[in-house]
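The points are numbered, and each one takes up a single topic.

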Amino acid sequence: MLLLQVSCLCGSAPCLLCGCCPSAKNSTISRLIFTFFLFLGTLVSIIMIIPGVEKELHKLPGFCEGSGSVLGVQTHVDCSSFLGLKAVYRMGFAMAAFFFFFAILMVCVRSSKDPRAAVQNGFWFFKFLLLVGITVGAFYIPDGAFTSVWFYFGVVGSFLFILIQLLLLIDFAHSWSQLWLRNAGESNAKGWYAALCTVTFIFYAASIAAIVLLYIYYTKPEGCTEGKVLISINLILCLIVSAVSILPKIQEAQPHSGLLQASLITLYTIYITWAALANVPMQACNPTLLVRNSTSSATATQPLTTWWDAPSIVGLIIFILCTLFISIRSSDHPEVNKLMLTEESTAGVGGDAVEHGEHRAYDNEQDGVSYNYTFFHLCLLLAALYIMMTLTNWYRPDESLRVLSSPWTAVWVKISSSWAGLLLYLWTLVAPLVLPDRDFS
């Protein structure tokens, strides 16, 4: 029995879940286990920024050594001022290196007959040891320019992952609308239309309320011009895409297009705007900045930086949902599958398991992989960078190395990603009109 358990840890994904779940695809189980590794690293990062734990990190051998040379500047700095950031950055580096290794290793794997597919779908115990080893080694990386350089890696990776989130959200919104409209058409029940209208109203009402709150808390009658301009621009863009989604020409080309998708995209865009304004490095225009960076005598006993705020918590929830969606998704739209390099197939579906009704996982990739291994690992790599930036609020040490400040870089990356997402959604609406010869059904 012990030998069987050990073989499961070293063997394939199906063996890990035999008898523990209904029949499932080998490809889906492998993605879920890799996602579990990412969530495990995220949990460790969260634990490291808990105030009580963060204060104890200086006891790690060598962790605070060399902290006087952060950003390449020699100075005497209290290491406790950015222990949490150091720990999360190194955990993020370890997860990114882990997934980058597998992204390179799995290039051009075409089916489960490739020997590398066995590595993708098995040897989980050794993979866990590899992740632990990389993590331990990451904590011995000397500071030097690591913090500043890795910050920009995190910025780029987070920007790309936000775009992936928006793409998944667009796909989800289209699938949701099609499902409810199809149910309404098949059952002739007005309840589905009523539910569609109700959800759309709730999304728009929440967006309007959020916009009002952004104007109240992140702008001032005098000043805060940047905040006013950014909120207004995104408000106008959301109104434009909402109007375009119900134009007669658009409805004729895409009967399932409507305000449900537009309302969901609008709500997410307003969230991104909120997250961007929460990084504005001006105390008068950013109420949350007062809590995070206060160093006055009145708060001298408080932690220098408060990592947890509402935008970060919402970002963490969205991160969890999106990474799970990446792991189990199979879009109804061929164009989205091509763009995301995922296309669930029924090839090699493991008939024995289905025919006998056994509760086991089966190999569904004998004739061809159902998702691009390399692209999947790159998505998890970007997710690791995104959660690294989210948990640290996109902060980095300032010139004095005594305060973790929020740079304008974070603001513009988030705002530009919201604009890119709106343009992407607008393209999904007008593409059938611009390219009439292509099939977008």
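1. Helices α8 and α17 are roughly perpendicular to each other; angles under 35 degrees count as roughly parallel, over 145 as roughly antiparallel, 65 to 115 as roughly perpendicular and the rest as oblique. Their packing angle is about 115°, and their axes are 7 Å apart. Here axes are lines fitted to C-alpha atoms, for helices over the stretch in contact, and angles run from 0 to 180 degrees between N-to-C directions.

2. This is a predicted model, in which local features need pLDDT of at least 70 and side-chain atom pairs count only at pLDDT 80 or more, while totals for chains, interfaces and linings use all residues. Residues are numbered from 1 along each chain as its sequence is written, and side-chain values use heavy atoms, with hydrogens and water left out.

3. The protein chain contains 18 helices and 4 strands. Helices (H or I, at least four residues) and strands (E, at least two) are DSSP runs, numbered from the N terminus. Of the 441 residues in the protein chain, 47% are buried, where buried means under 20% relative accessible area, exposed over 50%, and partly exposed in between (1.4 Å probe, protein chains only). Among contacts with a separation of 6 or more, 77% involve residues 24 or more positions apart; contact means heavy atoms within 4.5 Å.

4. From α8 come residues including W150, F151, G157 and Q165, and from α17 residues including C379, L382, Y386 and M389. The helix α8 passes α17 in a left-handed crossing. A crossing is left-handed if the near helix is turned anticlockwise from the far one by less than a right angle, and right-handed if clockwise.

5. Helix α17 covers residues 373-391. Its 19 residues reach 27 Å from the first C-alpha to the last, close to the 27 Å expected at 1.5 Å a residue; the expected span is 1.5 Å times one less than the number of residues. Of these 19 residues, 17 are buried, and α17 is mostly covered.

6. After α17 comes N393, whose phi is positive, near 55°.

7. The residue S370 lies in the loop between β2 (361-362) and α17. With 1% relative accessibility, S370 counts as buried. In sequence S370 and R110 are 260 residues apart, yet their C-alpha atoms are 9.2 Å apart in space.

8. Helix α8 (residues 146-187) also packs with helix α5 (residues 83-105), at an angle of about 55° and with the axes 11 Å apart. The pair is therefore oblique, and the crossing of α5 past α8 is left-handed. Residues of α5 in this packing include Y89, R90 and F93, and those of α8 include F146, W150 and F151.

9. Helix α9 (residues 190-217) has 28 residues, which should span 40 Å at 1.5 Å a residue; the end C-alpha atoms are 41 Å apart, which agrees. Its buried residues are L196, V199, T200, F203, S207, I211 and L214, and their cover includes α8, α10 (225-245) and α12 (259-277).

10. Helices α9 and α12 pack at about 20°, with their axes 9 Å apart, and are therefore roughly parallel to each other. Their crossing is left-handed. Residues that meet include L196, F203 and Y204 in α9, and L259, I270 and W274 in α12.

11. F123 is not a glycine, although its phi is positive, about 55°; F123 sits in the loop between α6 (115-120) and α7 (124-138) and is partly exposed, at 36% relative accessible area. C224, also a residue other than glycine, has a positive phi near 55°. The loop between α9 and α10 holds C224, which is buried with a relative accessible area of 7%.
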